[in-house]
Amino acid sequence: MEEGVVFDSDASTDGLDERRRRIRSEMGGRAAMARVAAAGRLTVRQRIDGLLDDGSFDEVGLHVRSVREQDAANTPGDGKVVGYGLVDGRQIAVVGDDVTVKSGTSSVSGARKIERVYEQAVRTGVPFVFLGECGGGRIPDIMPSDAFSRLAALPLYGKRKRTIPSLTMIAGNSHGGSSFHAALSDIVVQLRDSCMSVTSPRVVEAATGERVTPDELGGADVNLKISGQCDIVVETEADGLALLRELLGLLPANARQMPPRHEPIEPLPSRPLAEIVTAERRRGYDMRRVLQAVFDGGRYVELGAGRDRGLITALARLDGHPVGVVASQPLHGAGAFGGAGCDKVTRLVLLCDSFNLPIVFLQDTPGLLVGTAEEHARLLFKGMLLQQALVNSSVPKLTVVLRKAYGLAHHLLAGCGMGADLLVAWPDAEFGFMDPAVGANVLYGRELGELDEPARTEQRAVRAEELRENTSVWGPAGVMSIDDVIQPGETRGTLVRNL
């Protein structure tokens, strides 16, 4: 359909098939579709086809158009494509912004389509997926008070109560609309060359005088590493659509169901865990290699990889069962973490508790990050919010202490007294109020301060070793604070049996 072609609103029954064909194949016009192709992007219909099983899309609201009569003829679908389909044979609801129609902007009729599908998804218990590329609110459509007052999507989204999974992929520049939905989603995937923000750079400049590019405002790296508003960044749309299919396969259709179990797959062949995780407490190692040796097929989907890299949060399978994973990462800060790490774990705990996924914790942490930056970033409140999420969650929590378990960080990773259904440790694991090296400075600060280097360093090491003698695993094992002491090679088997 070329720009300006008018649809006959009184089309006869004989013209219905042709009308359907033109809307689906020509969308907002061949010129607009060519611009999408020239930019190396998929149209929303191509995205939906890439997400769903072949031929399974059942569209709703195909004939919707703008409420403004002057735009009614050239707004097929009114900037949104919505409906239902299958992913690996399981029903989902899907919404996508159509940038070929007025840049995918939000309007009254388009919003009604989204509300219709979303409301039915919640009521019938099927996952909801949003493919976002929204140009913001459409002006002048939503400027009049009567139109503005009919935009009720945000309250509707807030009523989900996590009864169904909600996933969003930001596949292009998204200002408002789909960005709002992303903020209410369980998992957000963002394409590398895209923007997710409350409003556009043009509005920011008009309101504040600040000139900013889409990438600076809400680019993938900004949202992954600074704001934490996206969980995974993908390089291509095909990668993003494949990832959405994988994520849907790890989650149940709704909170009343259990996640779908697959046939177990053995982990990747690797060196023994006792070799990967050296007993030398000051030597780092890559926890990702541990995950590959523990979880099915060595496969896991990491969430929030750009923030607080001392912690890994992920989804994986254990003996075929979908599980959440929280693991220290000693390659970064020796596995210490701060407020951003607490945010990551809280988000994962809420996701898993809502959709019946057990959570596996793999601990090796010297404690929390400290300092003015962390205090000013509300570490105290974020830590206590995580504590509440943990103790109020009802899904199984299985914790393995690999090496170090110090201070509040230990407790915030489902440690002693936090209600873990299984809490075990390796033979060389250490437990204590704080890392002995830090404790030596606190307890013997005056003594150490009277010494010159290198005597101070030598004496600090002696005092730290004295403190470390009282941190052995046999202390908590002896008073039933942990369930068992296991060999590193028994880790997967112990987790599988207890799961």
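Me: Which residues of α14 meet which residues of α16?
Reply: In this predicted model, the α14 side of the contact is made by G339, C342, D343, V345, T346, V349, L350 and D353. Their counterparts in α16 are L379, K382, G383, L385, L386, A389, L390 and N392.

Me: How many of the residues in that contact are nonpolar, polar and charged?
Reply: The contact of α14 with α16 has nine nonpolar residues, four polar ones and three charged ones.

Me: At what angle do the axes of α14 and α16 cross?
Reply: They cross at roughly 20°, and the axes come within 9 Å. Angles under 35 degrees count as roughly parallel, and α14 and α16 are therefore roughly parallel to each other.

Me: Is the crossing of α14 and α16 left-handed or right-handed?
Reply: The crossing of these two helices is left-handed.

Me: Changing topic to the strands: what is the order in the open sheet of seven strands?
Reply: The order is β1-β2-β3-β4-β5-β7-β9, and the pairing is mixed. The edge strands are β1 and β9, the latter covering residues 232-234, and each of them pairs on one side only. On average, neighbouring strands of this sheet are turned by 20° against each other, direction ignored.

Me: In what sense do β1 and β2 pair?
Reply: β1 and β2 pair in the antiparallel sense, over three bridges. Within this pairing, D58 has Y84 in β2 as its bridge partner.

Me: And which strands does helix α3 lie across?
Reply: Helix α3, residues 44-51, lies across β1, β2, β3 and β4. The helix runs at about 160° to β3.

Me: Where does S66 lie?
Reply: S66 is found in the loop between β1 (58-60) and β2 (80-87).

Me: Is S66 buried or exposed?
Reply: S66 counts as buried, because its relative accessibility is 0% and buried means under 20%.

Me: What does S66 touch?
Reply: Leaving out residues up to four places away in sequence, S66 touches D71, A72, T75, D78, S109, R138 and D141.

Me: What about N356, what is its phi?
Reply: N356 is not a glycine, yet it has a positive phi of about 65°. Its place is in the loop between α14 (339-354) and β13 (359-365). N356 counts as partly exposed, at 21% relative accessibility.

Me: Which residues does the cis peptide bond join?
Reply: The cis peptide bond joins E453 and P454, with omega at about 0°. P454 lies in the loop between α19 (445-449) and α20 (455-468).

Me: Last topic: where is Q292?
Reply: Q292 has its place in helix α13, which covers residues 287-294. At 30% relative accessibility, Q292 counts as partly exposed.

Me: And what does Q292 touch?
Reply: Apart from residues up to four places away in sequence, Q292 touches P267, L268, G298 and Y300.

Me: How many Å apart are Q292 and F130 in space?
Reply: From C-alpha to C-alpha, Q292 and F130 are 31 Å apart. In sequence, Q292 and F130 are 162 residues apart.

Technical notes: Residues numbered from 1 in each chain as written. Predicted model: local features only at pLDDT ≥ 70, side-chain atom pairs only at ≥ 80, totals over all residues. Heavy atoms only, no water. Helix = DSSP H or I, 4+ residues; strand = E, 2+ residues; numbered from the N terminus. Buried < 20%, exposed > 50% of the residue type's maximum accessible area, 1.4 Å probe, protein only. Axes fitted to C-alpha atoms, helices over the stretch in contact; angles between N-to-C directions. Parallel < 35°, antiparallel > 145°, perpendicular 65-115°, else oblique. Left-handed = near helix turned anticlockwise from the far one by under 90°. Contact = heavy atoms within 4.5 Å. Nonpolar A, V, L, I, M, F, W, Y, C, P; charged D, E, K, R; others polar. Pairing = 2+ DSSP bridges.
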